[in-house]
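Hello,

Here is the structure I promised to pass on. Please open it first, then read the notes below.

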Amino acid sequence: MSISTKYNPKEVEKKWYDSWMERGFFHSEPNPNKEPYTIVIPPPNVTGVLHMGHMLNNTIQDVLIRRARMQGKEACWVPGTDHASIATEAKVVAMLKEKGINKSDLTREEFLKYAWEWKEKYGGIILEQLKKLGASCDWDRTRFTMEEDLSAAVIEVFVDLYRKGQIYRGVRMVNWDPQGQTALSDEEVIPKDTMAKMYHLKYEVVADGAEKTYLTVATSRPETIMADVAVAVNPNDERYTHLHGKSVRIPLLGKEIPVILDEYVSIEFGTGALKVTPAHDLNDYELGQKHRLPTIDILNNDGTLNEQAQLYVGQDRFEARRNIVKDLKEADLLAKIEEYASVLQTSERTGAVIEPRLSMQWWCKMDKMAKPALEAVMNDEIRLHPPKFKNMYRAWMENVHDWCISRQLWWGQQIPAYYLPDGSFVVAATAEEALKLARKESGNDNLQLSDLRQDEDVLDTWFSSWLWPISVFDGFKDPDNKDVLYYYPTNDLVTAPEILFFWVARMIMAGYEFRNELPFKNVYLTGIVRDAQGRKMSKSLGNSPDPLDLIDQYGADGVRAGMLFSSPAGNDLLFDEKLVEQGRNFSNKIWNAFRLIKGWEVDESLPFPNEVAVKWFESRFNEAFVQIEDHFSKFRISDALLAVYKLVWDDFCSSYLEMIKPAYQQPIDKQTLEATTAILEKVLKVLHPFMPFITEEIWHELKERKPKEYLIVAPWPKKDKFDKDIIEKMENVLNVVGTVRNIRNSKNIANSKQLDLYIKVMNQDNYEPFHSILSKLANLGEIRFVQENVEGAISFIVAGDEFFIPMEGNIDVAAERERLQKELEYTKGFLASVDKKLSNERFVSGAPEAVIANERKKKADAEAKIHAIEQSLASL
RNA sequence: GGGGUGUUAGCUCAGCUGGUUCAGAGCACCUGCCUUACAAGCAGGGGGUCACUGGUUCGAAUCCAGUACGCCCCA
């Protein structure tokens, strides 16, 4: 038989993924006899391609779902995508541009047709990529936030909340791209560091006195003075105390505006006097609201000045700036011009300088819905992992702002508000209902459908995804259907802390608002995947490896393990290809352990020499398993993997297999092979959630399996008793082995040369049963128990017992003396520190019994050790 | 500016309720091995005043306060 010495993932992965799919292992149906375990995927953008963040996130979900499936739960992982209105619309616009088509030349319907075509073509790519990773989603349940049923849910919710008074229209500042003539989301705005000019303008103080005085105001945008409605100063600024209650005149325009007082104004910045232009600056807008000031909008959509400005009407904002600076100079109203470093907001799409601009938007009230959502997290009904995010969550929820839910786009659910000819509007799920409502409310029965105009805007994508845990089970369309009743509330959600507020908090709100129940019980927050220099991975930086390349190179199992090695919950992961390499090496290690076992011939006549080794490993497995389960229960996935890793590599491969391994080309006895096969099966089980492909492959290679007997659905091990005594004894034995190896190494004794070992010990039972293990692992010849110290030997102490390796006279007495002397000093120092503790009256009376007993044991051990070392020194 | 969070080996991180032989992994490093499961490996080794300063305690990496530096969120 020849099995490659290197594990080859490529051949294996597709085979098993297809096989799992064919047999329907991923598919779930409500089963009253089983406990449901449900995860809904954080739906990736249809525009997205798999990046490292997805890899981490979905690996964790797959680990959780696979474990639950093996635990015999009805495991259901619902996949899907979200329509990502802004990103998708941008992609479609770009695609059309390449074809020479302008969005503005198309009707809404024509544009949406192109958008759907684009979605059908590219929208599923990311889900196909997840399959390469091994994600065991129930693909029959794949949903999309803009499909018919989910869109209907969005509209239903909008109408419902509007009727409840939770949705309203209001003015808000948006990022306006005058070139693209569209509003942009914050994510589409690119800040650029630039040198800007600060103009110091002289505002004449309105006073009864004859002599003109001025208040100097600094601004970077002098062309906006026509939209000024006040000048604000800090009430604590003594330079301006005399202006309290006064007013000033806008330069050139001569219009009188008040001087207002607000602590918001920074005394140090500029001249300490701030012109307030509510229509063209967000902070000014808030200031204006607070002081009940009017807003004057002087800009057209294309960035030119309108009639409101009175001056420079029709000129572009930058042209107007040049002209007004010239005019101000001539009128001697410009005190000075300063250069200063500032950040210019520009459009990602057109590069134009963004204009903050007021516009009418739709809003969803948050305060009422936030209350139960905050409580649920604070009282741990919903647990955040790690819990440090509770504080962040609370801070946000206690100061929650209303949610702007309208977007000036076409790709998305169109807002179901219908305007009447008189400008009033009605909200209804369909145009027909809207018409009925409009007739009723206006009292005008002659209104026709053609008289109504539906709001142009669409809803924010989050307004779809906040319903996700309910809508994927059709919980709006049919609130009592068997799926939603069975699977909702879901169990665990795995996502990034960046969207804790945008998404997680809102899902919790929606859960309570629409089903009166939480949407999930645990939220596992992953970190951000960064590169080795700590930079966030991004396409523009080009510092992100292509996950599919990685899978190609290292295997999906290797990549999965590599991602998890260094990703404690909530901490950023500094990705290094070394990690994935380690993951691949681990695959290879497992593969070779399997090769070893698979290669053995059985000789049925042989006795069973490995009872101790088998017993030990079984205990060791059970001990480790308790730990692994504990890690899982606390969502310490990385720790769980590490515990499995050590169990497999150190205990199973380095210790157990070395103990039972027959000499080269020798057969093995039947009992050992059977026990070892059973052990390997258990090991494969705990490995499977992390490394599904290689484990399924070995599972089938190990034995003939029945048609449905797959590892993916094999029963998860149960917690079992373990023999602490044998674990402790083996630890000592392995310690002895390690020391002997160390001595070989430091004395340059070849591994092939057998050594003898004499043991001076109180209780022979501690070593007697381990004879063959000792001699095999340390390559020993004679092992003998002795009563007296052995002359001409190197000695060492493990757990209070003394060991001697005779050196046939060629022992370096001086070096040996020095080594022992060093150890003696060290042990004496240690004893002194223990003694100090024990002689402290307050320690003895204050510390718990167990701690004191432990200190006493340390003291006794140290004293015994000192005695032994002194004896050895004397006998040298 | 407000809030959050972190600082432990060269690097990335564990260390859970303050107390198990005087702090643990992995990677990197050093030494020796191609010993037929595995060089993607084996055996062994070195490396830390737990950011700093104070406090609480019999006892602090762990709790508290302050300082310094870093990151995140909000404005």
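Helix 17 (residues 556–565) packs against helix 22 (residues 692–702) at an angle of about 130°. Their axes are 7 Å apart. Helix 17 brings Ala556, Asp557 and Arg560 to the contact. Helix 22 brings Pro692, Phe693 and Ile694. By class, that contact holds 4 nonpolar residues, 2 charged residues and no polar ones.

Please keep in mind that this is a predicted model.

**The whole chain**

How many helices and strands are there in chain A? The count is 27 helices and 29 strands. Along the principal axes, the C-alpha atoms fill a box of roughly 115 × 70 × 55 Å. The radius of gyration of chain A is 37 Å.

The domain assignment gives two entries for chain A: domain 1 (189–347) and domain 2 (749–875). How far apart do the C-alpha centres of domain 1 and domain 2 lie? They are separated by 84 Å.

**Stretches named in UniProt**

Two annotations are worth a look, and each comes from an unreviewed entry.

- The short sequence motif "'HIGH' region" is placed by UniProt at residues 44–54. The chain there is 27% helix and 0% strand. The C-alpha atoms at the ends of residues 44–54 are 8 Å apart.
- The domain "Valyl-tRNA synthetase tRNA-binding arm" is placed by UniProt at residues 812–876. The chain there is 91% helix and 0% strand. The end C-alpha atoms of residues 812–876 are 10 Å apart.

**Backbone details in loops**

Proline 386 sits in the loop between strand 15 (383–385) and helix 10 (389–398). Another is the bond from tyrosine 488 to proline 489, also cis, with omega near 0°. Proline 489 lies in the loop between helix 14 (482–487) and strand 22 (492–495).

Then turn to tyrosine 312. Its phi is near 55°, a positive value in a residue other than glycine. Where is tyrosine 312? It is in the loop that runs between helix 7 (282–290) and helix 8 (317–330).

Over to you.

Best wishes

Conventions
Residues are numbered from 1 along each chain as its sequence is written. Chains are lettered from A and ligands numbered from 1 in the order in which they are written. This is a predicted model: local features need pLDDT of at least 70, side-chain atom pairs count only at pLDDT 80 or more; totals for chains, interfaces and linings use all residues. Side-chain values use heavy atoms; hydrogens and water are left out. UniProt positions are given in the numbering used here, feature names are shortened, and annotations may be inferred rather than shown by experiment. Helices (H or I, at least four residues) and strands (E, at least two) are DSSP runs, numbered from the N terminus. Axes are lines fitted to C-alpha atoms, for helices over the stretch in contact, and angles run from 0 to 180 degrees between N-to-C directions. Contact means heavy atoms within 4.5 Å. Ala, Val, Leu, Ile, Met, Phe, Trp, Tyr, Cys and Pro count as nonpolar, Asp, Glu, Lys and Arg as charged, and the others, Gly among them, as polar. Domain bounds come from an automatic or database domain assignment. The radius of gyration is taken over C-alpha atoms; the globule rule is 2.2 Å times the number of residues to the power 0.38.
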